[in-house]
Amino acid sequence: MQTQIPFEEVIHALDTLKGTRREWLMRTWIFSDKEVDFLIRITYDITDKDFEYLVAHILEHDGYTTEVQGWFQDKWVDIVARKDGRTYFIQCKQWSKSCITMKNVWDYYGTIYGEMMKNPDKVFAYVTTSYVIPEAEKFLIDHGIAGIISN
């Protein structure tokens, strides 16, 4: 049985390494070739709602409680996760053929700004299968989006 890798460590590694997914995953020595192929394929071959459930499942595996928002509630948050007394609002973007641009992050920030001001104790995160252009990533970080997980 393999030891569980804390979710935060995986997120940090994915956020830090900007090489291709295959190169990074193979260098970790954690996954087999077959698992790497599956991880790469699954982020592109599932629906956006399935991607939200996948992210929620990963969080639950690391001890978070999660609630995936329904289509009618999905305005600025796809997953509400809780752990150790903290609440996380997570926006998921499963876009396989485009990148996250400044327009995308301006739109997102515009929808969450009021909530951020009312709830300074909550953590906002952005999870995507797409590449986030450097300017957009910097904007999100500079404006208090704690987690940006991309490509």
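This is a predicted model: local features need pLDDT of at least 70, side-chain atom pairs count only at pLDDT 80 or more; totals for chains, interfaces and linings use all residues.

1. Let's start with the largest nonpolar core, which has 19 residues. The members that touch the most others in it are V105, Y108, I112, F124 and I145. Helix 5 (102-118), strand 4 (123-128) and helix 6 (134-142) each contribute at least two residues, and the largest share, six residues, is from helix 5.

2. Beyond its neighbours within four places in sequence, Y108 is in contact with W76, Q91, F124, A125, Y126, L140 and I145. Apart from this core there is another, of 15 residues, including L59, V68, C92 and V123.

3. Which residues of helix 5 are buried? They are M102, N104, V105, Y108, Y109, I112 and M116. These buried residues pack against strand 3 (86-93), strand 4 and helix 6. As a reminder, an α-helix has 3.6 residues a turn, so residues three or four places apart point the same way.

4. With 17 residues at 1.5 Å a residue, helix 5 should span 24 Å, and its end C-alpha atoms are 24 Å apart, which agrees. Helix 5 also has a kink of about 45 degrees, centred on I112; I112 is one of the buried residues of this helix.

5. Finally, have a look at K118, also in helix 5. K118 counts as exposed because its relative accessibility is 61%, over the 50% cut-off. Its side chain makes a polar contact of 3.3 Å with the side chain of E115.

Definitions and conventions. Residues are numbered from 1 along each chain as its sequence is written. Side-chain values use heavy atoms; hydrogens and water are left out. A nonpolar core is a set of buried Ala, Val, Leu, Ile, Met, Phe, Trp, Tyr and Cys residues joined through side-chain atoms within 4.5 Å. Buried means under 20% relative accessible area, exposed over 50%, partly exposed in between (1.4 Å probe, protein chains only). Helices (H or I, at least four residues) and strands (E, at least two) are DSSP runs, numbered from the N terminus. Contact means heavy atoms within 4.5 Å. The expected span of a helix is 1.5 Å times one less than its number of residues. The bend at a residue is the angle between axes fitted to the seven residues ending there and the seven starting there. A polar contact is a pair of N or O atoms within 3.5 Å; within protein, one must be able to donate a hydrogen and the other to accept it, and residues adjacent in sequence count only if both atoms are side-chain atoms.
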